[in-house]
Amino acid sequence: MRAVRFEVFWRVAVVQLMAVAALSIVLAIGFSHGFFESWGWLVGPLAWLGCAWLTARVVGLEPPPTLARAVLAGVVSVLFVLIGLHWIGALVAVGLFGWLCAREDGAGVT
């Protein structure tokens with residue numbers, strides 16, 4: 001079993017949560033609800049990956065493996081979206097993303 005570096009987990013989770021929240025607010029102000037009904041399938045994943053890239057830069061993780069971990073966490077989030085629990089899925093994905101980034105083999109923080 002790989003050890004989890006909790007300081008990395010919390011840094012990743014907090015930065016990702018703040019980035020997703022801030023971007024969500026900006027997008028909600030700038031676009032109508034109909035835009036997200038039509039384009040959410042594209043905008044959501046791109047926003048998530050953009051926030052993950054920012055998180056990698058802020059926390060000091062390598063972007064390519066961090067983005068791969070974000071994709072894995074995003075897949076779990078999609079399951080929640082499919083059952084109508086979008087924001088709960090986002091919270092679960094943030095936690096999973098933090099855990100994936102904080103595992104000893106992936107916690108190469110500089």
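A: Arginine 103 lies in the segment that follows α4, the helix covering 86-102; helices here are DSSP runs of H or I with at least four residues, strands are runs of E with at least two, and both are numbered from the N terminus. The model is a predicted one, in which local features need pLDDT of at least 70 and side-chain atom pairs count only at pLDDT 80 or more, while totals for chains, interfaces and linings use all residues. Residues are numbered from 1 along each chain as its sequence is written, and side-chain values use heavy atoms, with hydrogens and water left out.

Arginine 103 counts as buried because its relative accessibility is 17%, where buried means under 20% relative accessible area, exposed means over 50%, and partly exposed is in between (1.4 Å probe, protein chains only). Once its neighbours within four places in sequence are set aside, arginine 103 is in contact with Arg2, Ala3 and Val4, contact meaning heavy atoms within 4.5 Å.

Cysteine 101 is also buried, at 0% relative accessibility. The structure holds zero disulfides, a disulfide being a pair of cysteine sulfur atoms within 2.5 Å. For cysteine 51, the closest cysteine sulfur is that of cysteine 101, and the 13 Å between them is too far for a bond. Cysteine 101 is accordingly in no disulfide, with the sulfur of cysteine 51 as its nearest cysteine sulfur.

Cysteine 51 sits in helix α2, which covers residues 33-59, and is buried with a relative accessible area of 6%. Apart from its neighbours within four places in sequence, cysteine 51 is in contact with Gln16, Ala19, Val20 and Leu23. Valine 20 stands 31 residues from cysteine 51 in sequence, yet the two C-alpha atoms are 6.2 Å apart in space.

Helix α2 also holds leucine 54, which is partly exposed because its relative accessible area is 39%. Between leucine 54 and valine 15 the sequence separation is 39 residues, and the C-alpha to C-alpha distance is 8.4 Å. Glutamate 37 likewise has its place in helix α2, but with 61% relative accessibility it counts as exposed. From glutamate 37 to threonine 66 there are 29 residues in sequence and 28 Å in space, again C-alpha to C-alpha.

For the chain as a whole, the secondary structure comes to four helices and zero strands, giving the pattern α-α-α-α along the sequence. Its radius of gyration is 14 Å, which agrees with the value near 13 Å that a compact globule of 110 residues would have; this radius is taken over C-alpha atoms, and the globule rule is 2.2 Å times the number of residues to the power 0.38. The C-alpha trace spans about 45 × 25 × 20 Å along its principal axes, and buried residues make up 34% of the 110 residues. Of the contacts between residues at least 6 apart in sequence, 72% join residues at least 24 apart.

The chain exposes about 6,700 Å², with carbon and sulfur atoms supplying 75% of this area, as given by the Shrake-Rupley method with a 1.4 Å probe, where for residues only the protein chains shown count as cover.
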